[in-house]
Amino acid sequence: MIALGEHAEFIFAAYAGVFVGLGLLIGWIVYDSRRVRARLETLGDKRG
Amino acid sequence: MSIDDTPKMSWWNRLAHPGQFLAWTRPLIWPLAGVTTALYLLGLWFAFFNSPADYQMGDTVRIMYVHVPTAWLSQFVYAAMAVSALGTLVWRHPLADVSMKAAAPLGAAFTAMALFTGSMWGRPTWGTFWEWDGRMTSTLILLFIYLGIVALWRAFDDQLRAARVVAVFTLVGAVNVPIIKFSVDWWSTLHQPASVFRADGPTMPGSLLTPLFVMFFAFTLLFVTLQLLAMHTEIRRRRLVTLERRAARGDTL
Amino acid sequence: MSGFLGVLRRDLRLSFSGGGEVLTLVLFFIIVGAIVPFAIGPDRALLASIAPGIIWIAAFLAMLLGLDRLFRPDRDDGTLALYRMADMSMAGVVAAKVIAHWLTAALPLILASPFLAMILAMDGPTFWRTVLSLLLGTPALAAFGAFGAAITVAIRRGGLLAPILIAPLCVPVLIFGVGAIAPLGGPDQASSAMLFLAALSLMSLALSPFAAALAIDWGEE
Amino acid sequence: MSGFLGVLRRDLRLSFSGGGEVLTLVLFFIIVGAIVPFAIGPDRALLASIAPGIIWIAAFLAMLLGLDRLFRPDRDDGTLALYRMADMSMAGVVAAKVIAHWLTAALPLILASPFLAMILAMDGPTFWRTVLSLLLGTPALAAFGAFGAAITVAIRRGGLLAPILIAPLCVPVLIFGVGAIAPLGGPDQASSAMLFLAALSLMSLALSPFAAALAIDWGEE
Amino acid sequence: MQLKTQGLACGRGDAVLAADLSLKVAAGSALLLRGPNGAGKSTLLLTLAGLLHPISGNVVFEGADPEAGPFIHHCGHKNAVRPRLSVIQTLKFWADINGHGDVTPATALDRVGLGRTARLDAGYLSAGQQRRLVLARLLVSPRPVWLLDEPSAALDAAGRDLLAALLADHLRSGGLAVVATHDDIALPGAATLTLGARA
Amino acid sequence: MQLKTQGLACGRGDAVLAADLSLKVAAGSALLLRGPNGAGKSTLLLTLAGLLHPISGNVVFEGADPEAGPFIHHCGHKNAVRPRLSVIQTLKFWADINGHGDVTPATALDRVGLGRTARLDAGYLSAGQQRRLVLARLLVSPRPVWLLDEPSAALDAAGRDLLAALLADHLRSGGLAVVATHDDIALPGAATLTLGARA
Ligand code: HEM
Ligand SMILES: Nc1ncnc2c1ncn2[C@@H]1O[C@H](COP(=O)(O)OP(=O)(O)OP(=O)(O)O)[C@@H](O)[C@H]1O
Ligand SMILES: Nc1ncnc2c1ncn2[C@@H]1O[C@H](COP(=O)(O)OP(=O)(O)OP(=O)(O)O)[C@@H](O)[C@H]1O
Ligand SMILES: [Mg+2]
Ligand SMILES: [Mg+2]
């Protein structure tokens, strides 16, 4: 990796913030999807 | 309920039926996720291993590769929501509601990221995290509008009824956003802060544009993927509510 | 027409009757303005320089927070359903209510503003410009506010939702309202701000009854 | 005890459920803070100097305006009458509600305050003192607020009345709260302001459930 | 005037509560809606009033002139009475928005037995008195179609007689009515539709 | 346990609605309150419950131990149902504040016929279903005195039978009840007090 110069911490923080944010977003959406599907299954819905 | 065996339907009707939409778009999720991941890896490689520092801003220009795509999405998602709102109001398209609802939290998230990366960029370049500059300020207001829409969705008990009301608000917001932008620009030029340094001066060299474009597509595709997934969940959630109520009334499923 | 006047008369009567909604709102306006010196210190020069802004913010908050009484009580007690079967259009009902709201929630504030101007150490000419800008700008707040109240009326408990939905949309009113008073860009800027303010008010007054009527009808199905 | 926890659990559940009261309140807090620059101009030095005051006023308003949901919905739907026949004292009910109110109306604001601090150009150390003073002071606001809500629920008038009744009582909280951050008299003054704040919170937390319970009982006859 | 529905299905959200209803209520006649709690009586009335969209089918009022303004009175579970307004002001306001007829508000109050309370704040009325005030609304603005949702709730015996008399007058003068109720309302010759108990 | 009033006068503000009432309701028996709208039935029930002060006279529950916690259930016109809470959560909350008895919330829901709706939001229930939920409240926290204000309002025929059965059980197990109603509630052997129509 090339050196990031004097402002490395800000660059790092920006990327870390965005990717943590994306991770949370994806995690939440996937979790929500799983939860709803599990509940549907317990009700015996076959259409997935 | 199922109408799979109906002879021929136009693609529009086929898409209009939530069950059909699910069946048709479900296979797209994994390929989309794969392409998105690949683009992100490529973009990150460019950003950190294969792009030069800007002659003016130095290495901080690398923040641009996450800032500009999120800033672009913050506006694009609103446009998508406004089109869906039209779909709800004019064509009563059942998927438009679902799409509108799925997009709102995504838009809020991307807008928040644009603000965050912007302030991470602002600190090294301007010396402050925040400046009341026109573009940043109107992005902030856009974030408030997104969050308001999310709160509005959550406040309704009956999501079917919510859709049309939220659609009206989304459209009024869309009409208002340019007015807000204009007024904020007018206001911040009145009090021009001393040393605002904008990056969009000289045309960017290609070596900066390649990673920008890759990241741009990566973010946009991510949005598309998440939007599809969230729409699927929303369709299933509505089915779930129906089933639960039916079970409560004692109907056979 | 008898319907329009009927709605207007009833809303005015309810606002001024025992409950004293109007008094409450005026007091809220004054309290918001009056606690500012406690929070930022009693420096007169500082206060005077931000006084127009504070008066506008206080009016802004008071008007937005008074919104909840616009449609919600009518919905809760069933009057809204009556309006939908009435011999007048819903847009007419909304228009009457916007006017009543301005008369009971904006005009009293403007009348009370000298008091706030005094405790905030405002000078005479600025004060008159403030009154003018409030007169021109508050109709837009009432109109936007009615739209926000209509959007949230279908929700069982609206509370602060209408204010937070509408506040971002009203930022231009605030900007031009203050811009018309304390022109950092000189008198030219001030008069163009006044014009923008008047344009905003006219536009929103003309459109909001229809948008609000749509929202109500659709919200109630 | 099961009653106390029952009330607490129910209030928390209602606040976080679909209605999204919490999100609304946080947004209100941030929006109030964020519109100030539109009204008084984006001058960084000016903003930084009044930032603690603005954050406190925004928190003050958000907490007072969230009061209406404390007892009114319960009264309207008949739950308040149930509390009066419940197997727990009314003071216990109020105490549970004060805690729930603080958890849903104060804590989220404090968590959101860094954002406001950033756009108001606050510096680091000031920000931490602000958080501390909010942590110490908001319980007093919740306690006073519960009392105000109890009084207004008894006189059957809602909306903004509780905030305007309570605001004057809460002015000391505001004064010490801001004093603890931006000490005009130096750090000594600041720490004594913090102490006063803590004392106010403890005292009001201890007394307000009883006062509020009395007000409710008398108001309902 | 005649109320007709063709293959009407109504419900809340996506829950169908009544399907394939083909009703016909002619001028001068009435229909009683009966059925257990949650059967959908209120929902059907709202649909007939046009306040809810039918899930399928439609509602037609034959012989009605839509240009001439609304011709339906709907009384729901709620009274639309504001405590701080006096009884007579409330009724005048209703007449203002619904249109004035031959019966003045004061006469209508006398008719429903609230003559003495005219100047009182409406909030002082008891539950049954408020319901009587709602009946007065039907009188001040004459409309041919009455859709009443449990009009007898909270009414005492005299109130129920009053209600029956008002309905009889209304039908005699060529109106029609659909009434949802759990009580026995004296409506000679009215048809009854029982919405099904759901398993 | 026995409910006794001596020279009780009750009313609203300074309007006396009933004066010089000397009631006696013994354990195992019930009293029906009847009377036209505005007669003061609700007011009397509130006074008996201790939620309104008597204008004169007093209400005594002989044999009740005030130390043992409250022993009265009062059901007013309002249901105390919050739309966003699920049915079972609502009932559990009531049991939490009123005290738990032998009957679990789930059993009580089954008893009043709401077993299937336990996980639904309570706001989704129809008027009559909400009223049944209120009846379940009486079951989860056993208390000897029931004061019911128009409990049958909005209930269908099956609901009224249920109410009669619950009341019979309650009386059989030594409770007592005062019920204000306009309907016919099957309460064999109950005394009736008719509050006068006011001039
Ligand atoms: C919180 C602060 C900021 C916000 C909210 C913000 C917002 C935006 C927005 C809305 C765009 C338009 C995206 C599009 O084209 O669709 C944008 C683009 C851009 N921003 Fe920012 N920005 C912020 C801070 C910064 C800073 C500090 C810099 C650099 C010093 C910067 C540099 C750029 C560049 C280079 C572009 C793309 C070129 C252009 O469209 O002109 N931004 N930003
Ligand atoms: N606002 C609403 N939104 C969604 N569903 C509702 C709403 N109101 C009622 N429902 C549901 O619709 C069904 C029918 O309700 P409705 O009020 O029409 O019944 P009803 O026959 O009038 O009953 P009741 O005799 O109890 O008044 C009920 O199962 C109820 O749960
Ligand atoms: N909150 C109140 N404040 C003052 N007066 C009231 C109040 N509620 C009712 N009243 C008055 O008290 C009288 C008795 O009312 P109450 O509700 O006890 O009658 P009720 O017998 O229960 O009648 P209904 O059968 O209509 O329910 C009425 O004349 C009414 O005007
Ligand atoms: Mg009904
Ligand atoms: Mg009563």
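View 1. Ligand 3 is surrounded by 17 residues, counted when one of their heavy atoms lies within 4 Å of the ligand, and the closest are E:Tyr124, F:Gly38, F:Lys41, F:Ser42 and F:Thr43. Because these residues come from chains E and F, the site is shared between chains. By class, the shell holds 5 nonpolar, 9 polar and 3 charged residues, with Gly counted as polar and Tyr as nonpolar. At least two shell residues each are supplied by α4 (127-140) of chain E and α1 (41-49) of chain F, and α1(F) gives the most, with 3 residues; helices here are DSSP runs (H or I) of at least four residues, and strands are runs (E) of at least two, numbered from the N terminus.

**View 2. Polar contacts of ligand 3, meaning pairs of N or O atoms within 3.5 Å.** Oxygen atoms of ligand 3 lie 2.9 Å from a polar backbone atom of E:Gly128 and 3.3 Å from a polar backbone atom of F:Ala39, while a polar side-chain atom of F:Arg12 is 3.5 Å from a nitrogen atom of the ligand. Taken alone, ligand 3 exposes 640 Å², and the protein buries 82% of that (Shrake-Rupley method, 1.4 Å probe).

**View 3. The magnesium ion (ligand 4) and its protein donors.** E:Ser42 (OG) and E:His77 (NE2) coordinate the ion at 1.9 to 2.5 Å, donors being N, O and S atoms within 2.8 Å of the metal (3.2 Å for Na, K and Ca), and the site may look incomplete because water is not among the atoms. E:His77 counts as partly exposed because its relative accessibility is 43% (buried is under 20%, exposed over 50%, partly exposed in between; 1.4 Å probe, protein chains only).

Residues are numbered from 1 along each chain as its sequence is written, and chains are lettered from A and ligands numbered from 1 in the order in which they are written. In this predicted model local features need pLDDT of at least 70, side-chain atom pairs count only at pLDDT 80 or more, and totals for chains, interfaces and linings use all residues, while side-chain values use heavy atoms, with hydrogens and water left out.

Methods: Polar contact = N/O pair within 3.5 Å; in protein donor to acceptor, adjacent residues only side chain to side chain.
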